[in-house]
Amino acid sequence: MKKHYYTILSLLEKCKTMSELKQIHGVMVTSSVIKNVIPLSRVIDFCANSEAGDISYAKSVFRRIEQPSVYIWNSMIRGYSNSENPVECLVMYREMVHRGYAPDHFTFPFVLKGCCIVSDVHYGKCVHDCIMKTGFELNVYVSAGLLNMYACCADMESAQKVFDKMPKWNVVAWTSLIFGFVGNNQASEAVKVFKDMELCNVEPNEITMVNVLVACARSRDIDSGKWVHSRIRQLGFDPFGLSFDFNVILATAIVDMYAKCGSLKTARHLFDKMPDRNLVAWNSMIGAYNQYGQGDKAVDLYFDMRHAGFVPDQTTILGVIGSCAQLGALALGQSLHSCVSKTGIDTDASIGTALVDMYTKNGDAGSAQRIFDNLQKKDVMAWTSMIVGLAMHGHATEALHTFRKMQEDASVIPDQITYIGVLCACSHVGLVEEGQRHFRSMVDVYGITPTVEHYGCMIDLLSRAGRFEEAVRLLEKMSIQPNIAIWGALLNGCEIYENVDLADKFKRYITELEPRFSGVLVLLSNIYARAGRWQEVKLTRELMKDRRIAKSLGCSSVEMKLLSS
C-alpha cells in the first residue's frame, strides 16, 4: 500500500475528469489505498465539489465508508448544497448528527446555505439551536451563514438579532444585512443600514454598492442615490471614470438607480457612455422610459437594442408592450405579439396581462378577450386589466360579466383597481343599485378603503342618474378631500339635468382648487350658457383668462403602417 500511496495522491492532485478519477479509484481499491482517509477524502472532494465531478458517484463511494471523517461529511454536505438537489444536503446533515458525528464550523455554513436555497426557515432554526449548543455562534463564518439564511427566508427580525450579536461587523456581514433588506422589500431600511455602516468606518466593496444602489432605485430615493454614486467615486469604483476593468454590473446598477428615480437624462447620458452593455442595462432604460411616459424613446431604444444584436427577454417585452399601449402603436404591438407567440410566452400571466392592456387601450377588445381566454393562469392583474379595459371602452355589460366570473375563482381577490373598473362600468350603463352594492362589498367584504377614484366613480354614477342628494351625502361622508374630477362629475350631472342652482353651490369649491386644466371651468361656463346667465359665463371665462388656463385642444394620432410592394 505504501508503494502506491504517494503516487495515487499525486495522480489525484492532477486529476481533471471523472474518467481519470474512476481509473484512480479502481487502483486505490485493488491496492488497498482506499482504506486511507486522506486519498479517500480527496476522491469524495473531487466528485462532490469540482466542476468536473459527479455527486452521485460521490454518494456511491460515501455509502461504502464505514466511518466517514467529519471532513468527508462536510465534503458531501457542501457538494449537495451546490447541487441541483440541495434538500439532500439537509438530509445528509441530519444523518450525520443521528450517527453521532459532531458538526464543526465548516459544516454549518454549508447546511445553512441549503436552508437558504430551499427557504426552510424551520430547519434553519433547528440548525441555529445546534450552533448555540456547540458554541459556534460567535464564529464569523457561521454567524454570516445564519444571517444570510434568515435574510433568504424573509425573517429579517432574526437576521438583525444575529447581526447584533456578531463578534465582528465586517464588510461581508454588513453587505449580507443590506442584501437581506433589499430582497425583502425593505429598501429604505437597507439604505439606513448602509449609512450606519459608513458611520462605523467599514469600507464597502463593489457588491455592497450594487445592493445599496438597488435599494435607492426601489425606494425612489434620488438624494441617497446621488450620495452613493459620489461615494463610489471616492472609493475609486466608479466604472464610468475607469479606462480599464469596466464593471458592467455596477455601471448597470448606477444607470438603473437614476432611471427608476426619474433622472432619465442622467441615466441616458451614463448609458451612452457604457463601453459594454448587458441586457439588464437595456431593460432598465426601456422600462424607465415606459414608466415615466416616454414610450416613443422606449420604442426607439428597443430597435437600437435589436440592432446591437441583443435578444429581448420577458422584461424587455413587458416594457415595449407598455409603451405601445401608451402610444396607441397597435401595429408594433401586434408585431411584438406575433414575436412572443412564436416563443410560447404569450400564455405567461405577466406577458398576457400586458398584451390585454395594450389591446384594450388601442380599442381592440376582441383581441384582448382572446388573449385573456387563452391565459393558463389568470391572476388579479389579468382579470383587472380585462375588466378595466372593457369598462373604459364602453363594454360595461361585458366588464361586469367578467367580474362575476372572476368572483367564481376563490383564489383571486379583487383589489382597488379592479373595483375602479367595476364602478366605472356601472356608471357607464347607469346601474346605480348594482354600483352601490359593489361599493359596499368592496368596503365590508374585502376591507378596501375607498380612494378618491372610487368616490369619483360613485358620484359620477349618482350624478348621471340625477340622484344629487345621494351624491352630495356621499361627498360629505368622504374622509379625503374631493379632487377636481369629483367636482367635474357633479357638474356633468348638473349639465345633463340643467341643475344650475346646484352648480352655483359647487362653484366656490371649484375655484378654490385652482384647476390646471380647462375642462371643469368650460363645463361650468356651458351650464350658465344653457341657462342664459351670460354674466356668469363672462366671469367664468375671465377667471380662466386671469389664471392663464387655456382650453385644452383635442388631438388625434395616426399610426402609419409601412407597406411593402
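Predicted model: local features only at pLDDT ≥ 70, side-chain atom pairs only at ≥ 80, totals over all residues.
I will start with the core. The largest nonpolar core holds 181 residues, and Leu-21, Val-127 and Ile-459 have the most contacts inside it. Helix 15, residues 248–260, gives the most to this core, with nine residues. In general, nonpolar side chains in soluble globular proteins tend to be buried together. As for Ile-459, leaving out residues up to four places away in sequence, its contacts are Ala-471, Leu-474, Leu-475, Met-478, Ile-486, Ala-489 and Leu-490.

Next, the charged pairs. Side chains of opposite charge can pair when their charged atoms come close. Across the whole structure, the search finds 18 salt bridges.

Glu-13 pairs with Arg-42, with 2.9 Å between the closest N and O atoms. Glu-13 is in helix 1, residues 2–14, and Arg-42 is in helix 3, residues 37–49, so this pair ties together parts that are 29 residues apart in sequence. Glu-13 counts as exposed because its relative accessibility is 55%. Arg-42, at 33%, counts as partly exposed.

The second pair is Glu-198 and Arg-231, where the closest N and O atoms are 2.3 Å apart. It links distant parts of the chain, since Glu-198 sits in helix 12, residues 187–199, and Arg-231 in helix 14, residues 222–235, 33 residues apart. Are these two buried or exposed? Glu-198 is buried, with a relative accessible area of 17%, and Arg-231 is buried too, at 18%.

Asp-256 and Lys-260 form a salt bridge at 2.7 Å, N to O. Both residues lie in helix 15, four residues apart, which is about one turn of the helix. Asp-256 is buried, with a relative accessible area of 13%, while Lys-260 is partly exposed at 28%.

The largest pocket has about 320 Å³ of space. Its lining has 17 residues, and Ser-350, Thr-353, Ala-354, Met-381 and Ser-385 lie nearest its centre. Helix 19 (314–327), helix 21 (349–361) and helix 23 (380–392) each give two or more residues to that lining. Helix 21 has the largest share, six residues. By class, the pocket lining has nine nonpolar, five polar and three charged residues.

The largest cavity has about 40 Å³ of space. Among the residues lining this cavity are Glu-137, Leu-146 and Lys-165. Helix 9 (140–152) and helix 10 (156–165) each supply at least two lining residues.

Key: Residues numbered from 1 in each chain as written. Heavy atoms only, no water. 1 Å grid on protein atoms, 1.4 Å probe; cavity = no way out; pocket = protein on both sides within 12 Å on 5 of 7 lines; lining within 4 Å. Points joined across faces, edges and corners; volume = space filled by probe spheres on them. Nonpolar A, V, L, I, M, F, W, Y, C, P; charged D, E, K, R; others polar. Core = buried A, V, L, I, M, F, W, Y, C linked by side-chain atoms within 4.5 Å. Buried < 20%, exposed > 50% of the residue type's maximum accessible area, 1.4 Å probe, protein only. Contact = heavy atoms within 4.5 Å. Salt bridge = Lys/Arg side-chain N within 4 Å of Asp/Glu carboxyl O.
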